[in-house]
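Please look through the model shown below before reading on; the paragraphs after it move from one residue to its surroundings and then to the chain as a whole.

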Amino acid sequence: MKEYVMNPNKALWEKGDFTRIAANMRESGDSLVASLGITRGMKVLDLGCGDGTTALPAARLGAEVLGVDVAANLVAAGNDRARAEGLANCRFQEGDASDLKDLADTSFDLVVSIFGAMFAPRPQDVAREMVRVTRPGGRIVMGNWIPNDPTLVAQILKISAAYSPPPPEGFVSPMTWGIEDTVAERFVGAGIARDRVSFARDTYAFNHAGPPSGLVDAFRTYYGPTMNAFEAAQKEGRADSLHQELNALFNAQNASGRSDTTSIPATFLRVTVNV
Ligand SMILES: C[S@@+](CC[C@H](N)C(=O)[O-])C[C@H]1O[C@@H](n2cnc3c(N)ncnc32)[C@H](O)[C@@H]1O
């Protein structure tokens with residue numbers, strides 16, 4: 001309990017069970033990893049790895065993968081998944097993207113962080129740590145949600161914020177990692193030349209074997225930021241209104257062409273840093 005008071009970031013992600021959301025994101029994790037040019041023996045750090053949506057496919061390609069996440073429950077889930085698949089080249093440990101104190105300088109060929117490090121506090125420290133642990137000639141690839149983007153996750157976070165109390169003074173929104181100039185500045189601040197940072201728009205799909213309302217329920221029950229929004233809304237008697245807004249959003253964005261199956265594409269900013 002004491003640690004929860006000290007680290008609200010960790011508490012947020014341990015609160016729910018992100019494995020229940022990640023289960024809907026595996027196909028996109030596989031496709032993204034397939035695009036990274038991973039070769040056998042490559043040393044890969046997956047930062048904010050969750051239960052291994054990108055770490056496991058990287059290990060299947062023969063990389064030596066370390067997954068680091070602030071949430072103990074997700075680290076355990078990742079290790080269980082790797083063990084169940086017999087992937088001895090994939091392990092998970094606890095750590096904080098703002099301070100990777102257990103990781104040596106220049107120890108990875110590739111640092112991947114898909115909707116992970118963007119949620120850590122002190123973004124300038126995060127950029128510096130990612131650069132520090134990447135070897136010269138190596139790469140950093142981040143996937144970050146984009147503020148005010150009309151697609152799913154930016155809208156979930158925007159709707160949720162409207163039902164939540166204002167963040168504490170000095171809080172830097174994770175969504176700032178979706179703004180190209182801000183991201184470039186952070187890496188320049190970490191010693192990287194501006195022309196070594198590049199950007200592209202990419203898409204992740206949320207695929208759920210049921211109607212969109214089932215996916216809304218998964219977010220309400222298992223996704224820390226949405227759980228918090230519902231708790232705050234409940235206190236003001238507005239939980240039903242939040243539920244309705246999310247149901248409308250998920251239904252409007254369902255691209256499956258059927259009402260009993262869900263497939264929702266979400267746009268993100270893909271950041272590549274050549275270290
Ligand atoms: C939206 S989930 C994405 C997980 C995973 N990358 C995936 O694609 O399924 C965000 C993840 O970032 C992790 N995270 C949040 N803050 C972190 C921090 N300070 N250091 C490391 N991981 C963090 C959370 O625990 C969670 O697993």
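Leaving aside its neighbours within four places in sequence, which residues is Phe206 in contact with? In this predicted model, local features need pLDDT of at least 70 and side-chain atom pairs count only at pLDDT 80 or more, whereas totals for chains, interfaces and linings use all residues. Residues are numbered from 1 along each chain as its sequence is written, and side-chain values use heavy atoms, with hydrogens and water left out.

With contact meaning heavy atoms within 4.5 Å, Phe206 touches Ile21, Asn24, Met25, Trp145, Leu152, Val153, Leu215, Phe219, Thr262, Ser263, Ile264 and Ala266.

Helix α10, residues 212-222, has Pro212, Leu215, Val216, Ala218 and Phe219 buried, that is, under 20% relative accessible area with a 1.4 Å probe, counting protein chains only. These residues lie on the same side of α10, because they cover an arc of only 155° around the axis, taken from the directions from the helix axis to the C-beta atoms. Their cover includes α3, α8, β6, α11, α12 and β7.

Turning to the whole chain, there are twelve helices and seven strands, assigned as DSSP runs (H or I, at least four residues, for helices; E, at least two, for strands). Of the 275 residues, 53% count as buried, and the C-alpha trace spans about 50 × 40 × 40 Å along its principal axes.

How values were computed
Buried < 20%, exposed > 50% of the residue type's maximum accessible area, 1.4 Å probe, protein only.
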